[in-house]
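Please walk through this structure with the sequence at hand.

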Amino acid sequence: MAGPEQDERSGQPNGTPGIGPDEPVVIVTGAAGNLGRRLTRRLHRDYGVVGIDRRPFPNRPKDVALEQIDIRRNRAENVFRRYAGRIKAVFHTGILHDMRKPASEHYSFNLVGTTQVLNFCVRYKVPKFVFLSSANVYGPHPHNAQFLTEDAPLRGSEGFPMIRDLVAVDHAVSSFLWKRPEIDTVILRPVHIVGAVKNAPSNYLRLRYVPTLLGFDPMVQIIHVEDVVEAMVLSARPGVRGIFNLTGPGEVPLSAILKELGKVRVPVPHPLAKPLLRFLWNSRLTTFPEPELDHIRFICMVDGARAREVLGFEAKRSLRDTIHAAVEAGPLAVPR
Amino acid sequence: MPADRSVPADRSAPADRSAPPAPTPRPAPRRSAPPPPPPRDVRFGGGRPSLLGRLGGLVDEWIARRVDPDDRLKQIQTPTNEFGFDSFGFNRDFVRRALLPARWIYRHYFRVQCFGTEKVPPVGRVFLIANHSGQLPLDAAMILLSMLFDKQPPRMVRTMVERWVAQIPFFSYLFARWGQIVGIPDNCREVLENEEAILVFPEGVRGISKTFDRAYELQEFGLGFMRLALELGVPIVPVAVVGAEEQAPALANLTRVGDIIGAPAFPVTPTFPLLGPLGLLPYPVKYRIYYGEPMRFDGDPNDEDDTLQEKVDAVKAEIQALLQRGLAEREHIFW
């Protein structure tokens with residue numbers, strides 16, 4: 001894959017192969033990620049798509065331009081300069097989730113990177129900014145209402161300090177939503193995304209022996225990655241702005257999901273599970289940090305009514321299909 | 001809309017109309033036919049029915065024959081999804097199992113007698129407002145069971161449990177499987193907007209922990225239920241429970257001891273703590289439950305407390321009247 005250093009476009013100041021000189025474009029950050037690829041493939045028929053990612057994106061559609069660059073670099077602004085005036089939207093999915101990376105890297109990539117993109121949007125008069133956050137910013141908590149609305153406090157990092165940068169990014173984009181009324185900012189907070197993705201809930205459901213907490217069986221919500229992509233496309237409509245929880249096809253107890261997937265459950269008493277998981281994490285034997293346990297202990301469910309009413313979003317896949325999608329890993333996902 | 005959550009999406013719908021051109025064709029293990037309906041018991045992991053699972057099946061069968069012969073649970077209108085759960089985690093199979101001991105306690109231990117169950121509207125949002133007594137919240141359980149066993153058609157009533165229950169192993173999900181919700185106003189509103197019935201004890205811990213010298217004296221009522229009733233136009237059915245006071249007559253309430261062990265109260269009854277935990281066993285009193293005519297109120301839900309107090313007092317007076325009637329009709333505490 002050609003890197004950005006080999007500038008093939010020097011002779012084409014106003015475009016890339018596949019994107020016409022006046023064609024409207026959308027920018028997708030994190031385009032080479034599992035979700036970014038799906039979004040890119042969904043969008044490229046309607047718009048010229050410019051992906052920004054430091055990772056390569058092999059086998060991408062021919063008309064998708066990839067700028068392989070770190071979003072924090074000053075040179076990233078060149079992308080906005082090049083397409084200035086015809087950028088219809090920025091989809092910001094380039095968020096670092098790797099819990100093994102140090103906090104400094106998380107803050108730098110997520111918060112500094114996002115702020116940079118927001119500043120570009122102002123400078124180059126992008127009319128739409130769609131940010132993919134997560135319902136995890138609310139955090140699992142025994143005092144949570146059954147269905148949290150978008151107005152609920154973001155206490156996700158209360159028991160899970162490692163994700164405080166993600167909460168900070170959500171807050172940063174929320175304040176941007178109010179500071180910049182001329183830009184239609186959309187924040188999407190989907191529930192646990194499953195499908196051909198790598199994230200904590202999918203990795204958990206892909207385990208062969210699934211540990212659970214003895215005596216706890218919270219109701220959970222999951223959503224298919226394609227449904228999330230669909231919601232992002234719906235949010236791109238002009239005039240739509242605000243914060244939206246995205247819910248999938250319904251809610252079931254964790255045990256029902258594991259039962260449906262035919263998993264062997266290993267119940268562990270929670271006073272034991274915490275030190276055990278902390279030990280495994282410190283020994284680098286697991287990808288799950290200890291605070292994730294709260295997600296299989298308490299509820300963190302959201303009310304998706306706003307997305308239904310304002311976005312017109314409805315998850316297309318049934319509950320059963322969504323559950324099975326978690327382990328029917330496509331070619332993009334990690335092997336079991 | 002909350003009902004929408006439980007409605008399974010149409011599997012035959014063209015779900016892939018928005019799918020990408022799929023340059024990387026997914027291996028298609030998408031099952032062509034829907035799998036067989038999930039087995040009744042979802043608590044035990046593993047694919048094959050375990051010994052426990054089979055035992056559970058036998059118990060279920062027996063319950064179906066003995067405890068719930070006319071399948072009243074099926075007549076409950078709470079919508080559940082393809083896995084048998086509603087959005088709060090209610091599940092009929094869990095309730096069915098719990099009915100085994102519950103029905104025995106209801107019919108043979110407390111020999112509950114109900115009056116006026118038909119006054120509870122068969123459908124639509126409704127508050128059941130009752131007096132609270134007896135140290136252990138068995139009055140709540142008996143009201144729920146009376147709506148299930150002695151009302152035609154049966155109606156599911158939800159109660160609100162303390163928030164800390166969500167942190168106690170097993171109770172953390174069992175209360176939800178049995179249809180109860182965590183006591184947060186948002187949850188109460190959600191349930192009422194789903195046109196369901198909810199049982200509230202406005203006296204709260206003041207009522208249930210009071211000593212026996214104040215038996216059948218209604219304590220101070222909270223106002224929260226009235227604000228919700230005015231906001232959402234919820235009719236209020238007053239309910240009086242006669243008998244529960246005598247199941248555990250408290251001579252004193254050692255709140256200091258309760259504070260130390262983290263309990264809301266520490267009652268001293270003739271048998272507790274004298275006989276240890278066994279002393280907590282409620283006495284086999286006879287329960288009588290009286291349902292009053294539904295009451296409706298109009299007004300601004302954000303009125304000052306004083307204005308709301310008048311309306312709450314009207315409900316309180318109605319419950320007091322039902323209590324007096326029940327006490328007058330009662331000939332003996334135990335039968």
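In chain A, strand E7 and strand E9 (residues 219–224) run parallel and are joined by three bridges. Strands here are DSSP runs of at least two residues (E), helices are runs of at least four (H or I), and both are numbered from the N terminus; two strands pair if DSSP finds at least two bridges between them. This is a predicted model, in which local features need pLDDT of at least 70, side-chain atom pairs count only at pLDDT 80 or more, and totals for chains, interfaces and linings use all residues. Residues are numbered from 1 along each chain as its sequence is written, while chains are lettered from A and ligands numbered from 1 in the order in which they are written.

Within this pair, His192(A) stands opposite Ile222(A) of E9(A). The two strands belong to an open sheet of three strands in chain A, ordered E7-E9-E11, with mixed pairing. E7 (192–194) and E11 (251–253) of chain A are the edge strands, each with a single partner strand, so one side of each has no neighbour in the sheet. On average, neighbouring strands of this sheet are turned by 50 degrees against each other, direction ignored.

Helix H6 (residues 225–235) of chain A lies across E7 and E9 of chain A and runs at about 70 degrees to E9(A). Such angles run from 0 to 180 degrees between N-to-C directions, with axes fitted to C-alpha atoms, for helices over the stretch in contact. H6(A) also packs with helix H1 (residues 34–43) of chain A, at an angle of about 55 degrees and with axes 10 Å apart. The contact (C-beta atoms, placed from the backbone, within 7 Å) involves residues including Leu35(A) and Leu39(A) of H1(A) and Val229(A) and Met232(A) of H6(A).

Chain B has 11 helices and nine strands. Of its 335 residues, 36% count as buried, that is, with 20 or more other C-beta atoms within 10 Å of their own, C-beta atoms being placed from the backbone. Leaving aside residues up to four places away in sequence, Leu128(B) touches Val120(B), Ile143(B), Val157(B), Ala197(B), Leu199(B), Val237(B) and Val239(B).

Methods:
Contact = placed C-beta atoms within 7 Å. Buried ≥ 20, exposed ≤ 12 C-beta atoms within 10 Å, placed from the backbone.
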